Amino acid sequence: MITRQFGIPVTSPGAILRRERDLGTALGLETAETTQLGGLVPDKIIVELIEDWLRLHGGHGFVFDGFPRTTPQAESLQQILQSHRTPLDLALWLEVSEQTVGDRILSRLQCQSCGFTTSSTSAVFASRPVCPYCDGPLVRRNDDDVTVLRHRLEEFNAKTQPLADFYEKLGALRRIDGNRDREAVFADISRLIEQAA
Ligand code: AMP
């Protein structure tokens with residue numbers, strides 16, 4: 001939604017790793033077990049992915065989805081931004097209850113080609129699971145399961161939660177109630193991006 005509305009490229013290490021796994025590359029195979037079990041991939045691998053992506057797409061603004069997830073990743077990102085002479089405008093913190101997360105992943109469908117995400121509760125996609133943007137197949141993720149979610153939440157609480165303080169201290173953190181529908185959440189995100197522009 002951010003890319004379509006503002007023309008800002010978005011990347012996500014999770015999406016990159018899923019594509020690498022589907023392509024059967026060395027990186028995809030090396031990280032497949034960790035991602036499937038809901039663990040965090042080593043910081044060095046993730047930071048290299050981001051640096052590679054920035055070399056190709058950086059320059060006119062960008063959004064990272066699911067990065068950084070640890071304090072060392074956030075520190076690396078600060079160095080990377082400095083070397084690109086790009087200030088950090090916003091750290092968007094989507095607050096969702098464990099109940100909301102659980103409900104959403106159980107019905108999540110994701111386009112295997114472009115990453116568009118929707119829900120099988122949406123009648124249009126339940127009957128015809130095809131991406132409206134690129135015609136790719138809408139599939140369930142293999143880590144969208146209750147046991148994996150428990151591990152992902154443990155990782156989040158132990159390693160990602162401290163980043164709220166990290167970005168609060170930098171004055172970049174904006175908290176958004178993510179328990180609402182996507183239009184309401186996106187309206188808040190849009191306003192924050194417009195204010196930061
Ligand atoms: P996501 O698509 O953001 O839900 O990420 C899927 C999986 O990819 C995660 O459960 C991790 O195994 C891995 N992953 C994605 N982003 C990161 C990150 N920033 N640091 C470590 N592992 C990550």
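A residue is buried when its relative accessible area is under 20%, exposed when over 50%, and partly exposed in between (1.4 Å probe, protein chains only). This is a predicted model: local features need pLDDT of at least 70, side-chain atom pairs count only at pLDDT 80 or more, and totals for chains, interfaces and linings use all residues. Residues are numbered from 1 along each chain as its sequence is written, and side-chain values use heavy atoms, with hydrogens and water left out.

Start with the buried residues D144 and R108. Their side chains form a salt bridge (2.8 Å, N to O); the term means a side-chain nitrogen of Lys or Arg within 4 Å of a carboxyl oxygen of Asp or Glu. This pair links distant parts of the chain, 36 residues apart. D144 sits in the loop between β6 (138-139) and α8 (146-160), and R108 in strand β4 (residues 108-111).

R141 and D143 are both buried too. Their side chains meet in a salt bridge of 2.9 Å, N to O. R21 and D22 form another, at 3.1 Å, N to O. R21 is partly exposed at 26% relative accessibility, and D22 is partly exposed at 43%. The whole structure holds 11 salt bridges.

Now the ligand. A ligand oxygen lies 2.9 Å from an N or O atom in the side chain of R69. A ligand nitrogen is 3.0 Å from a polar backbone atom of G66.

Definitions and conventions: A polar contact is a pair of N or O atoms within 3.5 Å; within protein, one must be able to donate a hydrogen and the other to accept it, and residues adjacent in sequence count only if both atoms are side-chain atoms. Helices (H or I, at least four residues) and strands (E, at least two) are DSSP runs, numbered from the N terminus.
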